[in-house]
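Let us walk through this model together, one chain at a time.

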Amino acid sequence: MRSLYISLVSEFYKSKKTLAFWAAILLPLIICGLITFGFYTSSEKILNFHYPPIVLWAQYSGAALNVMGLLVMPFYVIFMAFSVNNIEHKNDTWKTLFAQPLNKLSIYAAKYLYAVGLIFISLFLFASLTYGFGHLLQVLVPQYNFNQYNPLSILTNAYTKLFLSSLGILSLQFILSLVWADFLKPMGIGFVGTIMGIITANVGWKYAYLIPYCLPTLSLRVTKVKKGVNPMDFPVFTQEIWTSLIYALILFIVGYFIVSRKSIK
Amino acid sequence: MGNYAIETVGLNFNFGNQAIVKDLSLQVPKGSIYGFLGPNGAGKTTTIKILLNLLKSPSDQVFIFGKEINNNRIAILKRVGALVEQPAIYGHLSGKENLINRCILLGIKKSKASEMLALVGLTDAADKKSAKYSLGMKQRLGIALALVSDPELLLLDEPTNGLDPNGIIEVRNLMIELAVKHHKTILVSSHLLAEIERTATHVGIINKGQLLFQGTIDELHQLSKPMLEIEVDDTEKAAALILESGYEITGQTDKKITIPFTSAQESATLNALLVQNGFKVSSLYQQRKDLENLFLDITKTN
């Protein structure tokens with residue numbers, strides 16, 4: 001446990017000056033900031049629709065969620081998996097990392113958990129900033145009716161699903177980035193996978209949920225459908241989420257076997 | 001087994017079908033500076049990686065401090081510091097941050113980082129991004145990283161690579177100090193014998209994965225046969241006379257003749273012979289084949 005903890009601290013120490021770390025903070029800040037700016041500058045147009053508060057929140061948070069779920073999220077996860085491993089490939093530091101008196105599982109698990117942590121932080125910020133900026137908009141444009149509905153449970157639910165559904169992609173990409181030092185292979189496979197995921201999810205293929213790259217899109221789609229019925233009451237642990245978690249678990253174990261047998265040439 | 005810091009027993013290692021290390025039996029005594037010599041591609045770095053368990057060795061072939069490496073990886077690594085190939089440094093961090101990161105991983109006080117920087121003379125560059133370091137500075141940071149845990153055994157893979165003459169002397173003195181004052185065992189690899197000659201107490205010579213010589217530096221010296229070099233005015237005629245008199249000539253230039261040295265008496269007789277025949281002998285001295293040539297000989301015959 002101690003060696004997992006110090007590996008995690010070291011991961012943070014190493015990456016705190018890198019883009020990977022700051023992307024986790026800047027990405028939600030920029031996307032939420034832009035959407036809020038849009039809602040602020042075109043407030044008159046939006047007010048003309050006379051949305052009920054729940055629909056206004058749906059429009060506002062959906063702007064970020066749709067972009068995230070469809071495109072940004074898979075690529076963001078691919079980038080995280082890449083950068084956590086790339087820091088060692090780039091500096092040729094795998095050899096010193098594995099020559100430290102730490103067990104290999106801790107080193108590997110710390111890297112994995114750190115990537116999971118960064119994605120969590122990012123999505124947590126998305127949810128918090130959506131909530132916070134929504135209320136900020138209310139203050140700036142008092143005609144809005146953001147204050148008449150509490151979106152907290154929907155936001156929590158949606159972002160929790162997005163987070164859990166992305167773990168399958170993360171584990172898969174983590175292995176690819178662990179094995180290959182270059183950027184193009186994991187990125188290329190991830191890109192093709194994501195496109196394939198979007199297409200299969202959109203044509204509604206029966207087995208689309210078996211492709212990890214589909215899962216963020218699919219999980220949000222279910223959210224949308226159920227939202228009309230009873231927004232407070234949609235389940236988090238749907239088929240997509242379970243698939244993602246199973247993928248994550250299996251691929252995490254596979255990754256460990258790769259690491260423990262990895263010879264550093 | 002108790003007296004060896006490193007012992008390998010008939011170690012074999014392959015990359016696929018290619019044998020990199022063949023039947024290697026290293027014996028590195030505790031407290032020694034062991035010069036691990038061989039030309040490029042001889043298997044030195046591979047051996048060092050095996051000693052760090054970065055490459056998996058067959059079981060019961062590698063023992064560090066008497067313990068089998070595959071079964072005692074963490075316990076052994078706690079006592080070992082290493083610099084393998086190019087120093088592994090996070091380029092986006094400063095030298096000091098690199099050391100602090102290592103302190104975090106080893107669970108030791110961060111103040112050790114500044115101490116190490118001072119030891120390798122990088123205090124002034126402590127806060128500079130290490131990607132901007134010169135090769136020599138990176139090498140020194142690599143040595144500092146290897147030393148930060150105060151290990152009993154140091155594995156240094158070509159540590160003077162890229163250093164200027166001053167840097168080389170500093171590293172040399174540092175190694176001697178660590179071995180003599182702090183009783184550390186150091187295995188240092190190099191492809192230059194001259195570099196090892198001044199520091200090492202023991203030498204192992206490896207070529208194409210095989211150990212060709214292992215012993216103390218004195219034993220290595222004894223391997224080299226002494227020669228008698230004679231500087232004489234007319235080497236052509238003198239050589240003819242020497243041959244006629246039943247001596248063997250091993251080398252001849254227009255200034256000197258080299259023959260195997262047998263005894264001081266024999267040298268005097270030969271001198272007299274030359275002088276009596278009207279040759280002007282300007283000098284006559286015993287010469288040991290230098291270790292550099294010996295090293296070349298040993299690795300060439302393999």
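Helices here are DSSP runs of H or I with at least four residues, and strands are E runs of at least two, numbered from the N terminus. With that in hand, please remember that what you see is a predicted model.

The unreviewed UniProt entry gives "transmembrane region" for residues 20-40, 60-82, 112-133, 162-181, 188-208 and 241-259 of chain A. Two of these can be looked at by their make-up. Residues 162-181 of chain A are 90% helix and 0% strand, with 28 Å between the end C-alpha atoms. Residues 188-208 of chain A come out at 71% helix and 0% strand, and here the end C-alpha atoms are 20 Å apart.

Now to how helices of this chain pack. Two packed helices are described by the angle between their axes and the distance between the axes. Take helix 2 (residues 19-41) of chain A and helix 6 of chain A: their axes come within 9 Å and cross at roughly 25°. Angles under 35 degrees count as roughly parallel, so helix 2 of chain A and helix 6 of chain A are roughly parallel to each other. The crossing of helix 2 of chain A past helix 6 of chain A is right-handed. Sorted by class, the residues of this contact are 19 nonpolar and 4 polar, with no charged ones.

Helix 6 (residues 104-140) of chain A also meets helix 10 (residues 239-261) of chain A, where the axes come within 10 Å and cross at roughly 135°. That angle is why helix 6 of chain A and helix 10 of chain A are described as oblique to each other. Helix 6 of chain A passes helix 10 of chain A in a right-handed crossing. On the helix 6 side of chain A, the contact is made by A:K104, A:L105, A:Y108, A:A109 and A:Y112. From helix 10 of chain A come A:A248, A:L251, A:F252, A:G255, A:Y256, A:V259 and A:S260. The residues of this contact comprise 9 nonpolar, 2 polar and 1 charged.

Let us move on to chain B. This chain is divided into domain 1 (4-222) and domain 2 (225-289), and the C-alpha centres of domain 1 of chain B and domain 2 of chain B are 45 Å apart. The unreviewed UniProt entry lists "domain: ABC transporter" for residues 6-233 of chain B. Those residues of chain B are 33% helix and 28% strand, and 54 Å separates the end C-alpha atoms.

Helix 3 (residues 95-106) of chain B and helix 5 (residues 135-147) of chain B have axes that come within 10 Å and cross at roughly 20°. Helix 3 of chain B is therefore roughly parallel to helix 5 of chain B, and the crossing is right-handed. In this contact, B:G95, B:N98, B:L99 and B:R102 of helix 3 of chain B meet B:L141, B:A144 and B:L145 of helix 5 of chain B. By class, these residues divide into 4 nonpolar, 2 polar and 1 charged.

Key
Residues numbered from 1 in each chain as written. Chains lettered and ligands numbered in written order. Predicted model: local features only at pLDDT ≥ 70, side-chain atom pairs only at ≥ 80, totals over all residues. Heavy atoms only, no water. Domains from an automatic or database assignment. Axes fitted to C-alpha atoms, helices over the stretch in contact; angles between N-to-C directions. Parallel < 35°, antiparallel > 145°, perpendicular 65-115°, else oblique. Left-handed = near helix turned anticlockwise from the far one by under 90°. Contact = heavy atoms within 4.5 Å. Nonpolar A, V, L, I, M, F, W, Y, C, P; charged D, E, K, R; others polar. UniProt positions renumbered as here; feature names shortened; annotations may be inferred.
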